[in-house]
Amino acid sequence: MLYICRRGRENLRMLRKDHFAIATGSKGRRFLYQAKDEMTKKIRGDNMETRVDGGRMYETGAAGCPLAAYEKYVSKLHPLCDALFQTLWPKLPKDGEHPWYKNCPVGERTLGNMMAKLSTAAGLSKRYTNHSLRSTCITILDESGFASKDICSVSQECI
């Protein structure tokens, strides 16, 4: 969720596989971008005045590449469910042919509490929330010199 920089519960459950797409830039590097806007506090449907475009997540080729992680994740989703976040089967299939996820979206509360559960389970020094990741993402982008309009495009939060 650090990569998509979204609010804790707002609209995460409504994200679908077709909200994101992969393209190739002019220098031959592939990137992930948000192909469709979703409703947020700042964006209302097809109102072009509130749309913000331009956020891209480029492949790095390194271990932990966010684009490679996204591609693997999407390849394991249930083909009959359009939701981007789906319910994981309790026992993963070992044959590699069957999806890892059920034909059922993850619940809103499950998504909203995901980071807190992960940080507790990992024994981290602090209980992190989804909002912590959002704040961290915005801070990293700002401190790295990204333009405010680009930060707005990925976070739907103008700084």
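The secondary structure of the protein comprises 5 helices and 5 strands, where helices (H or I, at least four residues) and strands (E, at least two) are DSSP runs numbered from the N terminus. The model is a predicted one, in which local features need pLDDT of at least 70 and side-chain atom pairs count only at pLDDT 80 or more, while totals for chains, interfaces and linings use all residues. Residues are numbered from 1 along each chain as its sequence is written, and side-chain values use heavy atoms, with hydrogens and water left out.

Along the sequence, the elements follow the pattern β-β-β-α-β-β-α-α-α-α. Of the 159 residues, 32% count as buried, a term that denotes under 20% relative accessible area, as against exposed for over 50% and partly exposed in between (1.4 Å probe, protein chains only). Among contacts (heavy atoms within 4.5 Å) with a separation of 6 or more, 47% are made by residues 24 or more positions apart.

In the sheet, 3 strands are arranged in the order 1-2-3, forming an open sheet with antiparallel pairing; two strands are taken to pair if DSSP finds at least two bridges between them. Strand 1 and strand 3 are the edge strands, each pairing on one side only, and the twist from one strand to the next averages 30°. Strand 2 and strand 3, which run antiparallel, are joined by 3 bridges, and phenylalanine 31 stands opposite tyrosine 58 in strand 3.

Helix 1 lies across strand 1, strand 2 and strand 3 and runs at about 65° to strand 2, with axes given as lines fitted to C-alpha atoms, for helices over the stretch in contact, and angles running from 0 to 180 degrees between N-to-C directions. The buried residues of this helix, which spans residues 66–76, are Pro66, Leu67, Tyr70 and Lys76. These buried residues pack against strand 1 (20–24), strand 2 (30–34) and strand 3 (56–58), and also against strand 5 (101–105).

In helix 3 (residues 114–121), the buried residues are Met115, Ala116 and Ser119. Because they cover an arc of only 100° around the axis, they are on the same side of helix 3, the arc being that of the directions from the helix axis to the C-beta atoms. The buried residues of helix 3 pack against helix 4 (130–143), whereas the face turned away from the buried side carries the exposed residues Lys117 and Ala121. Just after helix 3, glycine 123 takes a positive phi of about 70°.
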